[in-house]
Amino acid sequence: MSPADMARHLGGGLLSFPVTHFDADGQFLEGPYREHCAWMLGHELTGLFAAGGTGEFFSLTPAEVATVVAAAVKEANGRLPVISGCGYGTAIATGIARDAERAGADGLLLLPPYLIGAKQEGLERHIEAVCRATGLGVIVYNRDNAVVDDETLARLCERNPNLVGFKDGVGDIELMTRIYARMGDRLTYIGGLPTAETFATPYLTMGVTTYSSAIFNFMPEWALAFYKAVRADDRAEVLRQLRDFVLPYITLRNQGRGYAVSIVKAGMRIVGRDAGPVRSPLTDLSHDEHERLRVLIERVNPQAFAAAA
């Protein structure tokens with residue numbers, strides 16, 4: 001699958017990021033991770049993003065990223081594209097890109113460099129270095145301290161045919177409109193605001209045909225039904241599910257800093273698919289928060305508990 005074909009495939013359906021499984025000491029558990037990937041692949045997905053944000057990329061060493069990606073590639077076995085997380089400074093990011101290619105990944109999700117801010121010129125050089133380090137398709141994640149504008153993105157696309165995707169985690173409607181108006185079908189557009197379901201309907205009108213669902217880790221049927229309602233423009237159903245689950249879920253997620261991953265692992269634990277703790281500096285939900293999430297999941301998706309039983 002060429003980078004362009006891979007990107008088009010991703011844009012045709014729902015994406016998800018498997019969490020990374022750890023034991024009590026924070027060591028990667030390949031067996032349970034692969035079993036979870038296999039379970040996810042039993043549902044309708046168009047892409048699996050291994051060692052991404054929900055997979056705690058930021059807590060993994062570059063060697064661990066390659067190990068996690070290789071495990072996902074083995075389990076996917078060519079059934080769908082596997083995209084590897086990639087990031088940090090340019091020297092580390094290009095190394096991760098090459099390692100991911102050797103591990104069998106089909107593409108890269110280029111996350112923001114660690115901590116530092118940079119001018120457009122610096123971001124352009126960084127992204128281009130990663131594109132030129134590999135033959136894999138590259139998806140730029142516009143977020144936090146790494147926000148490229150439409151002019152920078154256009155120049156990068158002219159010189160780098162393997163730059164095939166744009167994931168938006170900023171929520172700047174004008175910028176997103178400028179990028180889509182300028183780039184059109186040159187890129188596949190992915191929704192990347194947390195929690196992506198909240199913004200799926202308005203983003204669809206701007207060419208963003210897919211998004212990454214962290215909720216898929218513990219409620220795949222619900223996540224797929226929500227995505228299909230978005231694509232069918234069933235606004236009444238989308239609004240009902242936002243009110244019944246997504247917005248209360250976000251309220252609970254916002255109870256603690258860094259809970260975007262913690263709440264997903266809690267959801268998995270609740271439905272009987274324990275992936276272990278989050279790695280520090282993240283922290284797991286408190287007992288009270290865990291129980292509130294249990295009540296929420298049971299109310300909107302009781303079959304998740306039946307499946308676990």
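Q: What makes the contact of Arg 8 with Asp 5 a salt bridge?
A: In this predicted model, the closest N and O atoms of Arg 8 and Asp 5 are 2.3 Å apart. A salt bridge requires a side-chain nitrogen of Lys or Arg within 4 Å of a carboxyl oxygen of Asp or Glu, and the pair therefore qualifies. Both residues belong to helix α1 (residues 3-10), where they are three residues apart, about one turn of the helix.

Q: Why is Arg 8 called exposed?
A: Its relative accessibility is 54%, and exposed means over 50%; Arg 8 therefore counts as exposed.

Q: Why does Asp 5 count as partly exposed?
A: Asp 5 has a relative accessible area of 35%. Buried means under 20% and exposed over 50%, with partly exposed in between, so the value for Asp 5 falls in the intermediate class.

Q: What makes Lys 265 and Glu 56 a salt bridge, and which parts does the pair tie together?
A: The N to O distance between these side chains is 2.9 Å, and the limit is 4 Å, so the pair meets the criterion. Lys 265 lies in helix α11 (residues 259-270), whereas Glu 56 lies in the loop between β2 (47-50) and α3 (62-76); the pair therefore ties together parts that are 209 residues apart in sequence. Lys 265 and Glu 56 are both buried.

Q: Why can the pair of Glu 64 and Arg 279 be said to tie together parts of the chain?
A: Glu 64 is in helix α3 and Arg 279 is in the loop between α11 and α12 (287-300), so the parts they join are 215 residues apart in sequence. The closest N and O atoms of the two residues are 2.8 Å apart, and both residues are buried. Elsewhere, salt bridges with shared partners join Glu 124, Glu 128, Arg 132, Arg 155 and Arg 159 into one network. The count of salt bridges comes to 21.

Q: How do you know that Leu 115 is exposed?
A: Leu 115 has 65% relative accessibility, and the threshold for exposed is over 50%, so Leu 115 is classed as exposed. This residue is found in the loop between β4 (107-110) and α5 (120-132). Together with Tyr 114 and Ile 116, Leu 115 forms a nonpolar surface patch with about 390 Å² of accessible area.

Q: What is the make-up of the lining of the largest cavity, by class?
A: The lining has 10 nonpolar, one polar and no charged residues. Among the lining residues are Leu 110, Pro 112, His 126 and Val 148. Helix α5 gives the most, with three residues. The volume of this cavity is about 60 Å³.

Technical notes. Residues are numbered from 1 along each chain as its sequence is written. This is a predicted model: local features need pLDDT of at least 70, side-chain atom pairs count only at pLDDT 80 or more; totals for chains, interfaces and linings use all residues. Side-chain values use heavy atoms; hydrogens and water are left out. Patches are made of residues with over 30% relative accessible area and no salt bridge: like charges are joined within 9 Å, nonpolar side chains (Val, Leu, Ile, Met, Phe, Trp, Tyr) within 5 Å. Accessible areas come from the Shrake-Rupley method with a 1.4 Å probe; for residues, only the protein chains shown count as cover. Helices (H or I, at least four residues) and strands (E, at least two) are DSSP runs, numbered from the N terminus. Buried means under 20% relative accessible area, exposed over 50%, partly exposed in between (1.4 Å probe, protein chains only). On a 1 Å grid over the protein atoms alone, a cavity is a set of points where a 1.4 Å probe fits but cannot get out, and a pocket is an open set with protein on both sides within 12 Å along at least five of seven lines; lining residues have an atom within 4 Å of a point. Grid points are joined across faces, edges and corners, and a volume is the space filled by probe spheres set on the points. Ala, Val, Leu, Ile, Met, Phe, Trp, Tyr, Cys and Pro count as nonpolar, Asp, Glu, Lys and Arg as charged, and the others, Gly among them, as polar.
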